[in-house]
Amino acid sequence: MKLSSMKTLRAFAAVAALTIAAFSAQAEAPKSGYVKANGLKYYYEVSGKGEPLLLLHGGLGSIDMYKPILPAFTEHRQVIAVDLQGHGHTALGTRKISLPDLGDDMATILKELGVQNVDVLGYSFGGGVAFRLAVQHPQMVRRLALVSAGFASEGFYPEMREMQKQVGAAMAEQMKPTPMYQSYVAVAPKPEEFPRLLQAMGDLMREQYDYSADVKKLTMPTMLIFGDSDMYRPEHIVEFYKLLGGGLRDAGWNRETMSKNRLAIIPDQTHYDIFFSPKLVATALPFLDGVSGSKTWAEMTQP
């Protein structure tokens, strides 16, 4: 694997590990357990009270990625967090990692937990899973927030695609000194499967995909959230929003032609730090709650 690829992964791992160590001890102990879905046994945690919110983490991470900002969500939301296939406490199994399959798995998990309708926030790999859940089971998703997640493999910068294609089992030995590997082996049911996980995620990242036709199937209010220094090209981000019906016209004096969907570009954030930023909570939570802080001109001028 090229040095540039290792630097990117190590930087991500180091930041994630530091934030997890600093904040995880502050969180109240959640309810946890396992749910079987399509041949896999998924680990989940439930914390907080209120309307349910499904949180889905990024690739080569786990539920703990959200620990720095989790209290801000659980103050008034019941948060359901899931360790995705091969990540955290959830075993890899023999099935390939597939976003459509994982979307179906999330629907099964929610049904087993007695949740019929849920808001969803997914980051990166978890954003892809959240997207497939919403496309394949739209009746279960009330509102959808996709964080640093695109709709097609061509949305990445070209150099990122080249780095992703290099991920595989051969880099496992080089990863052992990193916090990413160490956090994995601390909780994984089969720590020796780390090379297989890298290979499975590499296989997923090497796939060419284009879900543009499926974007139009998203019937629920959807918010796209990216950092201003993300790994996705700005052109792709704008195209995603346009496919959702946003950015096609002026909203009008009284917001009469405004799209129900939202686009947020968070300043001073990258793909590798947006998932634990307090700015993410401040951006996503009002949308997920169906609240707008904006008023029309007429409302502002009323005595």
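Aspartate 268 counts as exposed, at 62% relative accessibility. Here, exposed means over 50% relative accessible area, buried means under 20%, and partly exposed lies in between (1.4 Å probe, protein chains only). Aspartate 268 sits in strand S8, residues 262-270. Strands are DSSP runs (E, at least two residues) and helices are runs of H or I (at least four), numbered from the N terminus. The phi of aspartate 268 is positive, about 60°, although the residue is not a glycine. Most residues other than glycine have a negative phi.

The model is predicted: local features need pLDDT of at least 70, side-chain atom pairs count only at pLDDT 80 or more, and totals for chains, interfaces and linings use all residues. Residues are numbered from 1 along each chain as its sequence is written, and side-chain values use heavy atoms, with hydrogens and water left out.

Serine 148 also has a positive phi, near 50°, and is a residue other than glycine. Its place is the loop between strand S6 (141-147) and helix H5 (158-165). Serine 148 counts as buried, at 0% relative accessibility.

The protein chain contains 12 helices and eight strands. Its radius of gyration is 19 Å, close to the 19 Å that the globule rule gives for 303 residues, so the chain is as compact as a globular protein of that length. The radius is taken over C-alpha atoms, and the rule is 2.2 Å times the number of residues to the power 0.38. Along its principal axes, the C-alpha trace spans about 65 × 40 × 35 Å. Of the 303 residues, 51% count as buried.

Contacts (heavy atoms within 4.5 Å) were also examined. Among those between residues at least 6 apart in sequence, 77% join residues at least 24 apart. The protein chain exposes about 13800 Å², and carbon and sulfur atoms supply 54% of it. This area comes from the Shrake-Rupley method with a 1.4 Å probe.

The charged side chains number 31 positive and 31 negative. Lys and Arg count as positive, Asp and Glu as negative; His and the chain ends are not counted. The centres of the two sets lie 2 Å apart. Each charge is placed at NZ of Lys, CZ of Arg, CG of Asp or CD of Glu.

Side chains of opposite charge can pair when their charged atoms come close. The structure holds 13 salt bridges. Each is a side-chain nitrogen of Lys or Arg within 4 Å of a carboxyl oxygen of Asp or Glu. One of them joins arginine 77 to aspartate 289, with the closest N and O atoms 2.8 Å apart. This pair links distant parts of the chain, 212 residues apart. Arginine 77 lies in strand S4 (residues 77-82), and aspartate 289 in the loop between helix H11 (278-288) and helix H12 (297-301). Arginine 77 is buried, with a relative accessible area of 2%. Aspartate 289 is partly exposed, at 30%. Both residues belong to a network of salt bridges that links Arg77, Asp119, Arg142 and Asp289.

A further salt bridge joins aspartate 214 and arginine 132 (2.8 Å, N to O). Aspartate 214 lies in helix H9 (residues 212-215) and arginine 132 in helix H4 (residues 125-136), so the pair ties together parts that are 82 residues apart in sequence. Both aspartate 214 and arginine 132 are buried.

Glutamate 173 and lysine 176 form another salt bridge, their closest N and O atoms being 3.3 Å apart. Glutamate 173 counts as exposed, at 56% relative accessibility. Lysine 176 counts as partly exposed, at 37%.
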